[in-house]
Amino acid sequence: MTAYGAVLSLKNTIKNILRCSRFSLVGRSEKIIKGVYNKVRLWGNILERLDGTSPSRSRKKVNALDGRIKEAIWRFEDSLESLLVQQIPLQFESIPDIVSIDLQSLRSDANSLIQKLKDMEKEYIYEVENMPQDKPISSIIGFHGTDSKMIGLSDQFQQLKSRIMVDYDMICFYALYGMAGVGKTALAMKIYQDTEVQRKYECCAWATVGRVHQPFSEISRGILAQLSGTPQGDEEIGECLTERLYGKKCLIVLDDVWVTDAWNCLEHSIPYIQNGCIHVLLTGRHRQLIHGYVQNDTLYEVRFLKEDESMDLLCEKVFGDESCPPQLHKAATKIAKLCEGLPLLILTVADTLSKSKQNRDPAYWKEVAEKKNSVFKDAYNEISKVLFPSYDYLPQCLKMPFLFMGVFPQDYDTPTSKITIMLAAEGLWYDVYCLKRLVFDYSLVLRSFKSVDKNYDYEEFDIGDYKMCWLHSSWRHVCRTEAHKNKFYHVLNKLIDAEEKCLKGQRGLCLENNILFGIKEFRYSVRLNCAFFTRSLLFYGPYHQYPIPIDVGFKLLREIDALTQRFYTFPTEMLTLVQLKYLTLTCNGELPATISKLFNLRVLIIHPHMKVRRCGVPSYVPITIWDMQELEHIEILGKSLVAPSHVAPLNRLTTLVGVNASICTILELPERIPNITKLGIQIELTPNDDHNDLLSCFRCISALGSLRTLKLSIMNPAVKQGHVFPVTPGSLKLPHRLEKLHLSGMGFPLEYLDVIGSLPRLKVLKLRSYAFQSSKWEAQKGSFRSLVFLLIEESDLVQWKPAYPSFPVLKYLSMKHCYKLKEIGRPAFLDQCGCTIEIELEDCNPLALICATQLQPCVGVMLLLFTRNLHLSNMKGKLR
């Protein structure tokens with residue numbers, strides 16, 4: 001199941017060696033690794049043959065062979081990278097521009113791998129083509145549910161029911177999809193049993209298809225038998241059957257669909273229903289498998305239960321008709337929350353609680369709520385049997401990226417950009433649609449929307465439109481179990497997790513207890529069992545403010561994520577990790593000039609432990625940073641950047657944020673970072689600087705044609721009294737393709753906002769710390785036509801009046817610390833039916849609240865108003 005990831009990793013390793021401008025391959029070195037590359041490259045297609053097989057086939061032998069393929073590839077990759085590192089001179093201050101690399105000693109290993117892969121190719125193809133068929137155990141013909149009370153999902157029930165109750169003189173499909181255990185079958189049962197639905201549909205049929213289904217002919221006969229009211233064994237067909245079903249309203253439910261050809265169940269049945277109304281409800285785990293039958297507007301993703309619904313379900317299963325005892329209420333609430341809205345997990349935990357002899361003992365419930373006993377672990381193990389097939393039958397290219405998601409701990413919401421960058425550093429990034437498919441097509445990854453992207457169309461959807469991604473805790477358990485078994489990574493919480501049987505050969509270490517490296521026995525075990533193999537070292541425990549040594553002999557690390565691990569000074573032992581591609585640290589010390597030894601680095605993120613800066617003693621990003629040509633992402637908070645004219649451009653750099661820069665440095669940047677898409681800089685102004693020079697910065701930045709996000713702020717802003725910026729056409733210039741703009745402390749005249757308002761793609765605008773000065777902002781007609789989110793914070797604004805038809809798609813308006821604000825104008829789109837706007841007021845004049853509440857929306861429009869800490873008032877409210 002992980003061979004595909006091994007193939008990707010080795011391919012990327014060889015590609016990086018071949019394209020590295022600093023390597024000169026000696027003798028037959030290039031030919032040797034190209035031979036391996038060509039053989040491994042073909043294995044991607046070979047492994048993908050498994051994707052075309054039925055989920056009803058047993059994969060036991062194929063998965064075992066997959067493990068052997070992975071081990072062979074990893075063994076060669078270890079030898080290749082180890083030999084490579086040995087030949088890079090690290091004893092000097094800097095690495096030579098050109099390093100001679102001799103890989104000819106790998107010839108025997110390369111030939112051995114090629115032969116093994118050749119032998120296993122025949123075996124693998126044979127096993128895939130001859131996988132045994134599992135016995136049909138899943139299909140159930142007929143409805144066998146009980147008329148039990150469904151808790152939660154009432155909104156989705158009503159939504160689906162209203163659609164199914166509409167008459168159509170044709171066949172109509174509806175579908176419920178979502179992860180295993182989320183309640184799809186329960187919701188379908190509720191629809192099927194509903195009294196009004198039963199009255200409307202004269203003929204109803206239910207068939208549970210399942211992963212290992214009966215022949216479609218059998219399922220079809222069962223459906224016809226239910227629709228016609230005849231015994232399933234009755235072969236009555238033809239005119240008699242047609243007469244029975246003529247003009248009837250029929251409801252057919254196909255539950256737990258796993259294959260795209262489930263339509264075959266109906267091909268034999270539907271011709272007998274003439275001039276009738278046929279509604280078919282499908283349920284399945286994956287949108288990918290059922291969207292071919294169903295239009296987007298009749299495709300429903302079953303949501304997770306809300307916290308109150310989870311609590312109700314837990315208590316109903318544990319206490320029945322009784323209410324939750326008061327002494328258990330607090331723990332029960334926490335337990336319900338820990339289930340994260342998954343009904344299957346709630347029911348499994350509830351079953352254990354109800355059977356326990358201590359089910360009324362507050363101490364026992366508290367232990368469960370704090371996960372200090374085995375209740376949750378046992379529940380995860382139990383439901384893993386239900387969840388696992390969803391992973392096992394994923395496309396090969398998605399399995400390793402999905403397993404990788406398990407490294408992040410519970411409640412660790414991970415930006416999608418971080419996930420994709422780390423996958424690329426691991427050599428596991430397949431394509432830009434990889435994470436999108438896990439999120440959208442397979443419902444395996446949870447997500448939160450960015451504020452500007454709550455409404456989306458699948459065809460236009462991009463993974464970058466999600467703010468955060470994470471796994472449900474039950475899936476995290478599955479991923480971590482599988483990752484450990486396949487030696488992909490191992491999660492450590494206690495010293496016992498570092499035993500030889502746990503650590504041996506692991507390629508990734510994820511620490512949820514950062515102090516483990518401070519224990520001598522732990523360091524010794526890591527050095528002995530996995531330091532040679534490990535490619536990633538991830539610190540995801542609580543922040544630890546005291547440095548801990550991590551130098552235990554790692555040589556092949558590709559990733560270090562250590563923002564929760566403080567270092568007093570930059571750990572120089574990391575400079576020997578020349579394979580490193582991803583590095584994040586918390587460190588107040590200076591970055592050494594020798595950091596350029598890490599010439600493979602793609603991501604460099606340095607955060608300070610405390611934002612303390614000595615007056616008159618700036619801390620600089622070393623100029624050698626410009627020698628690191630592979631860099632794609634730089635995030636160094638609080639340090640000053642210099643960009644002299646003689647340094648080479650970083651053509652791969654797409655993100656530069658967090659640094660301080662003088663106006664002179666900014667003027668040099670466009671030629672140094674020509675392909676930047678996200679730029680965030682704090683501008684250092686001295687008392688002698690001419691504020692008009694700020695406009696020169698914007699003119700230079702406007703030349704960056706790839707720029708999508710721009711964040712500029714003045715450090716310690718102090719608007720000069722009497723200073724007037726020029727107000728002439730072209731005074732302020734901005735990149736035409738900007739989508740997000742954050743400005744702080746500029747003190748610009750309000751007329752400059754007209755330039756910003758003309759940007760055709762601008763979705764987000766944040767103005768902080770008197771970015772603009774004026775008491776009245778009346779936007780030009782037709783301006784800000786794409787703006788969705790507007791924030792104004794710390795402003796002398798008195799009136800905000802959007803002229804018609806400006807701000808036509810604005811959804812979020814946030815005003816904070818605007819003490820003089822008295823008037824908020826009515827956005828034009830509030831007159832359009834079906835519109836929604838959220839207005840947030842924090843620490844503002846109470847007159848602004850009065851004005852906002854008077855923006856009475858018309859029918860079909862929703863206005864949400866949030867207020868906090870109103871200036872000179874304790875008024876709080878929320879208007880719908």
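The bend at a residue is the angle between two axes, one fitted to the seven residues ending there and one to the seven starting there. I'm working from a predicted model, where local features need pLDDT of at least 70, side-chain atom pairs count only at pLDDT 80 or more, and totals for chains, interfaces and linings use all residues. Residues are numbered from 1 along each chain as its sequence is written, and side-chain values use heavy atoms, with hydrogens and water left out.

**Helix 13**

I took helices (H or I, at least four residues) and strands (E, at least two) as DSSP runs, numbered from the N terminus. Helix 13 covers residues 326-338, and I found a bend of about 25° at A332. I checked the length too: its 13 residues should span 18 Å, taking 1.5 Å times one less than the number of residues. The end C-alpha atoms sit 19 Å apart, which agrees.

Next I looked up burial (buried is under 20% relative accessible area, exposed over 50%, partly exposed in between, with a 1.4 Å probe and protein chains only). After the helix comes E340, with a positive phi near 55°.

**Strand 6**

Strand 6 (residues 249-255) has 6 of its 7 residues buried, so it is largely enclosed by the rest of the structure. I then looked for its neighbours (two strands pair if DSSP finds at least two bridges between them). Strand 5 (residues 203-208) runs parallel to strand 6, joined by 6 bridges, and A207 has L254 as its bridge partner. Strand 7 (residues 277-284) is also parallel to strand 6, with 6 bridges; here V253 stands opposite L281.
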